[in-house]
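Subject: Structure for your review

Dear colleague,

Please find below the structure that I am handing over to you. I would be grateful if you would read my findings with it open.

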Amino acid sequence: MATTLRLARTNAEAHIYMDLHPCDCGEGNFARTSSVIEVDGDLASRYVGVCPGCGQQREFVFAIPEDVRLPPPGSVVFGYGGQSELLDAGEWMFVADRYARATPTKHTPGTDAARQARQQVATAAAAMGEVLAFVPPDADAVPFESLRTDRGRATFDAQPGRFYKDRLEVIRATYQQILTEMDAKTA
Ligand SMILES: [Zn+2]
């Protein structure tokens, strides 16, 4: 069976993809264990677990990069340049929106709640970076043709103006500013 696996550049990217693809029963979460396996002579990462909704075994297999890098602790990194093979720009925007709902300023610095909120804002910032990766070098916006999924196209269609490079950069900078302010309070 020759299957072309899609590349998960980091564990974080694989988890985000799995979160966006729920079980047939509708449950999105499942406790995953991962292992490195060989597929057609190449190394791949395999995630398995049981769906808590229906008990079905869930499995995802991704290609892994030749050069596996680990992001520095406390940072969120989905890839190291280039475009995601797992999510399109609209899906990354969907992810950024979902994680940007965290309100870190509500939490007392140094608490688990504050750390979790920080992680969510860092995820939103990294996801905006992934949207930006889909803006071609000579263009000023994400091209609609680059969207591969229904969810991505729906997110784009809802507010196409958000996919302009300058707006994407402003939003990402806003998230990064929130992180800087949080870190200043905790330091
Ligand atoms: Zn299920």
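The notes below describe the domains and then the packing of the helices.

This is a predicted model, in which local features need pLDDT of at least 70, side-chain atom pairs count only at pLDDT 80 or more, and totals for chains, interfaces and linings use all residues. Residues are numbered from 1 along each chain as its sequence is written.

The chain is divided into domain 1 (11-63) and domain 2 (89-186), with bounds from an automatic or database domain assignment. Their centres, taken over C-alpha atoms, are 24 Å apart.

Helices (H or I, at least four residues) and strands (E, at least two) are DSSP runs, numbered from the N terminus. Axes are lines fitted to C-alpha atoms, for helices over the stretch in contact, and angles run from 0 to 180 degrees between N-to-C directions.

Helix H3 (residues 112-132) packs against helix H5 (residues 165-186) at an angle of about 155°, with the axes 9 Å apart. H3 and H5 are therefore roughly antiparallel (angles over 145 degrees; under 35 is roughly parallel, 65 to 115 roughly perpendicular and the rest oblique).

The axes of H2 and helix H4 (residues 150-158) come within 7 Å and cross at roughly 70°, which means that H2 is roughly perpendicular to H4. Residues of H2 including Met93 and Phe94 meet residues of H4, among them Thr155 and Phe156; contact requires C-beta atoms, placed from the backbone, within 7 Å.

Yours sincerely

Notes:
Contact = placed C-beta atoms within 7 Å.
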